[in-house]
Amino acid sequence: MIQASKLIPQGKGLAPVLVKRATTIELDWDVRQKSRFAATDSAGRELGIFLPRGTLVRGGDVLVAEDGSMVRVIAAPQPVLVITHCTQHGTPFDLTRAAYHLGNRHVPIELQPDHLKIEPDHVLADMLRAMHLIVTEQNLPFEPEGGAYAAGHGGGHHHHGGHDHGHDHGHDPDHDHDHSHDHSHAAANTAAPGPGRTVSIPVVAQGHVHGPHCNHDH
């Protein structure tokens, strides 16, 4: 068995030709969320993966074996529930509500601009349909968000290089402008949630008339 204990997120810094020549292993999320596992690559080699505890392996990552060879990880298709909003009677905000309630239940979620993915769960599927979301069973790669403080690049499946979010808001010292504004509002509208206050988003199914293209069951 060949041991691999180094991971290069998305093969960053490697020449594309090297990544293309690498052998591959196809793994589902159940395996890729582990830091130690065994696998067989496309060349038939038995691999033992030993990564730092808490490391999440994503599709597109490259593992480096002890003999210097590289192995590219492919996220294997697996059963998932794909959640979309009802375009006839809902809005994209319905997905935000769904993510909120799923997050409260500590459910692994893959976040996309126009849909969510979760692992199959008939109880959650019924809850989501009661919220007038469309839930379909599909077989697709699953890349859920990781914790914001997870080890490695587990903070999500969006891999970015270093970002500089600094902004220069310097002004000419002689530039005099008035930033005063009249924000007279009712006191009830200005109260913002404080550290001790809870903002609740209730799961209430909003009634609507189903059209012929509204494909969700209750």
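Axes are lines fitted to C-alpha atoms, for helices over the stretch in contact, and angles between N-to-C directions run from 0 to 180 degrees. Helices (H or I, at least four residues) and strands (E, at least two) are DSSP runs, numbered from the N terminus. The model described here is predicted: local features need pLDDT of at least 70, side-chain atom pairs count only at pLDDT 80 or more, and totals for chains, interfaces and linings use all residues. Residues are numbered from 1 along each chain as its sequence is written, and side-chain values use heavy atoms, with hydrogens and water left out.

## Helices α3 and α4

Two packed helices are described by the angle between their axes and the distance between the axes. For helix α3 (residues 93-104) and helix α4 (residues 122-130), the angle is about 145° and the axes are 11 Å apart. Their crossing is right-handed; a crossing is called right-handed if the near helix is turned clockwise from the far one by less than a right angle, and left-handed if anticlockwise. Contact, meaning heavy atoms within 4.5 Å, is made by A98, H101 and L102 of α3 and by L124, M127 and L128 of α4. By class, the contact of α3 with α4 has five nonpolar residues, one polar residue and no charged residues. In this classification Ala, Val, Leu, Ile, Met, Phe, Trp, Tyr, Cys and Pro are nonpolar, Asp, Glu, Lys and Arg are charged, and the others, Gly among them, are polar.

Strands of a sheet pair through backbone hydrogen bonds, either parallel or antiparallel. Two strands are taken to pair if DSSP finds at least two bridges between them.

Strand β7 (residues 78-85) runs antiparallel to strand β9 (residues 115-118), and three bridges join them. V82 has K117 in β9 as its bridge partner.

Buried means under 20% relative accessible area, exposed means over 50%, and partly exposed lies in between (1.4 Å probe, protein chains only). Leaving aside neighbours within four places in sequence, H85 is in contact with G90, T91, P92, D94, L95, L133 and I134.

## Salt bridges

The structure holds six salt bridges, each being a side-chain nitrogen of Lys or Arg within 4 Å of a carboxyl oxygen of Asp or Glu.

| Salt bridge | Closest N and O atoms |
|---|---|
| D30 with K34 | 3.9 Å |
| R32 with E143 | 3.1 Å |
| E110 with K117 | 3.5 Å |

R32, R58 and E143 are linked in a network of salt bridges.

E110 counts as buried at 4% relative accessibility, and K117 counts as buried at 9%. In contrast, D30 is partly exposed, with a relative accessible area of 42%, and K34 is partly exposed, with a relative accessible area of 40%.

Strand β3 (residues 36-40) and strand β4 (residues 46-50) pair in the antiparallel sense over five bridges. A38 stands opposite G48 in β4. The covered face of β3 has F37 and A39, whereas its uncovered face has R36, A38 and T40. The hairpin of β3 and β4 has five residues between the strands, and in this hairpin G44 takes a positive phi near 85°.

E66 lies in the loop between β5 (62-65) and β6 (70-75) and is exposed, with a relative accessible area of 56%. Not counting residues up to four places away in sequence, E66 touches M1, I2 and Q3. The C-alpha atoms of E66 and K6 are separated by 8.7 Å, although these residues are 60 residues apart along the chain.
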